[in-house]
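Q: I'm new to this structure and would like a close look at one part of it. Could you walk me through the place where the two chains meet?

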Amino acid sequence: MTPAASKRPRPATKRATAARPKDRSSVWQLRLYVTGQTRTSLAAFARLHLICERELKGRYRITVIDLLEQPQLAKGDQILAIPTVVRKLPKPVRTIIGDLSDIDRALVGLDLRAAT
Amino acid sequence: MSPPRRTSAAPVQQLPKCPTGIQGLDEITSGGLPRGRPTLVCGGAGCGKTLLATEFIVRGATRFNEPGVFMAFEETEAELTANVASLGFDLAGLVKSGKVVVDYVHIEPGETQSTGAYDLEGLFVRLNYAIDSIGAKRVVLDTLEVLFASLPNETCLRSELRRLFRWLKQKGVTAVITAERGREQFTRHGLEEYVSDCVIVLDHRVNDQIATRHLRVVKYRGTLHGTNEFPFLIGDEGLSVLPITSLGLNHEVSRERIATGIPRLDAMLGGQGFFRGSSILLTGTAGTGKTIISSNFAHAACKRGERTLFFSFEESPNQIVRNMHSIGLRLEPFVKRGLLRFRSARPSLCGLEMHLATMFREIEAFKPAVVIVDPITSLMDLGTTSEGKGMVTRLIDYLKAGQVTSLFTSLTQAGHALQQSEAGMSSLMDAWILLQDFEGNGERNRVLYVLKARGMGHSNQIREFLISDHGIDVVDAYIGASGVLTGSARAAQNSLEKAAVLASQQEAAQLEREVERKRATLERHISGLRSDYETEAAELRRIAEQVGTRTFVLGAERAASGRLRQADVSVFANVSPNVSADVPANAIAGVPRGPRAKPTLKKASR
């Protein structure tokens, strides 16, 4: 939460990884909201990246938003809990909160797997 | 709190307070909510939690120059703005001018999936951002408990909420957190565990089909506060709590006296009428003339150029004006000039608190010098006795604080003990005039007397008052051995007394005549006696003369015959002294009576 922490160069932020998609409409747009580089934030990013690589290889785009830097963005996606992943595309918007340690629920939350 | 402590070298630091600006709430909490600490406001649905919170923010921004953040979990900004617009709060304007931030927090429970550990850092960031963007001093979280429904993992949530409240304290903002009332605890999710500085409970109850909202400060650390349940209402200008007991008894008092409009009644009240700013009670059974005396009072006030507010709970304004016209009291010119204002309403229109608030508002707006409530009893019937008394207390305190003279009429039920219904009210009143019916001789007559009048010498007499087509006339009732007489009995008694006076006058004259007659008789008697005496005396004198002559003749004859018969001289000598002595003695015997009779005669001749 300290501002000094957020100023440090962070490999996670803006390293939106995406292979060039062939079909634009099929590209998944994901947002990960964090507050600085906390342990849970880093863990969440790592897990999200892992899931996307496994399930959506080349068809995703992750934007990491650090609310300590851009607090005004919290309102738009109704962010309360940290970390939160918002699936902006494809519609409908889905929100999952937590550090994604429960991979199964994360997959269900992202609509990558039907709830059992 | 005691004076010695306050004057000591190191004054005890009072808990800093944050005034809410809500009418009455600051009085109960002696200054407001604890500054820089969170306050929990809980209550069931529809008791005004959100409104209290909104007013706290709006008043802070408008009146105390303390910007505020309203974090709404239930209503959107637009909804909130629309809801409070009816109370005259321009939320959108305040938002535009940067005094208030409304942040609508919405979580769709169905869309949110929990995948592990989380914290509420996002909420903190949002709140922090909102606070810092306008330099907010006040924060409202309405209603935080929504989070329990939308976020999983209650343990995690609870620890985060604990952290939130601690953070709010650190931040130094005065926060109001609203929560639903729980079944066994103050809040459904036990938020009172975290917010322990100040807890306010709101309540909405229905008594006798009339709903009343109540507010109670359950807990307030580090300060004195009213612990009672105070009725409050949501009016046109927001919330107003009506504290009954918090008002002190330290009104300014006036020595000025104001006339009642009835000269004889003024005379009964030490010759000058009531004190300005006093509270006057006028009680009486139906038809004893309460409204008429009130109207007279109003008329007199208007004639002096004072504004008068007349609350009528029985008659419409037009009806009063018409009725008063019939006794020669013209009120409509004053109504037209704006000096006299009537407010008529049925008592059952709304609850006691609403009536009271309406009256407060009217008084606030019209700023009258005299307020008349006719009758107060129909208002008091709306609530329980204690509520009614509380209401009158508040009203009187309010009026006295503003030096407004108040006159309340009170309808006593016929046949009841005179003071029964007013016993509770009377202690609040400075003057009490009782109107009564006297029934007898097939008629009813009105009387009045002054039961009490604080701070002035007043008459202890019963007066009869007559209502005629030229107003009220207070006259002396007849009070005598046979009791109090009024009406025709009084008139009859008066003529009886007149007759009695006449009779005694006649008797005196007769006695005078008798004396005169007796004197005349006496005089007659005396003159009769005198003439008798004179006659008798003359007769006696005549007889005496005759006797003398006869003796002389006899003596002469005897001497002559003796000489003739050559008789002894001594015989003649023996007889003659006796005879001569007898006659003068008899003649002289009447003389001593003469001087005794003489004064009588003199007197008689006077």
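Which residue of E6(B) does Ile96(A) stand opposite?

A: Happy to take you there, and please keep in mind that this is a predicted model. Ile96(A) stands opposite Gln113(B), a residue in E6(B). The strands around this spot are E4(A) and E6(B), the latter covering residues 112-114 of chain B, and they pair in the parallel sense over 3 bridges.

Now let's step back to the whole contact between the chains. Chain A contributes 28 residues and chain B contributes 27 residues. Between them, about 2200 Å² of area is buried, and carbon and sulfur atoms give 56% of that. On the chain A side, the residues that lose the most area to chain B are Gln78(A), Leu80(A) and Ile97(A), which together make up 32% of what that side buries.

What kinds of polar links cross between the chains? The count of salt bridges between chain A and chain B is 0, while 9 residue pairs are found in polar contact across the interface, with both residues at pLDDT 80 or more.

Helix H3 (73-76), strand E4 (94-97) and helix H4 (103-109) of chain A each supply at least two residues to the side that touches chain B. Sorted by class, that side of chain A has 16 nonpolar residues, 7 polar ones and 5 charged ones. So much for the tour: strand E4 of chain A both supplies residues to this side and pairs with E6(B).

Methods. Residues numbered from 1 in each chain as written. Chains lettered and ligands numbered in written order. Predicted model: local features only at pLDDT ≥ 70, side-chain atom pairs only at ≥ 80, totals over all residues. Heavy atoms only, no water. Contact = heavy atoms within 4.5 Å. Buried area = accessible area lost by both parts, 1.4 Å probe. Salt bridge = Lys/Arg side-chain N within 4 Å of Asp/Glu carboxyl O. Polar contact = N/O pair within 3.5 Å; in protein donor to acceptor, adjacent residues only side chain to side chain. Helix = DSSP H or I, 4+ residues; strand = E, 2+ residues; numbered from the N terminus. Nonpolar A, V, L, I, M, F, W, Y, C, P; charged D, E, K, R; others polar. Pairing = 2+ DSSP bridges.
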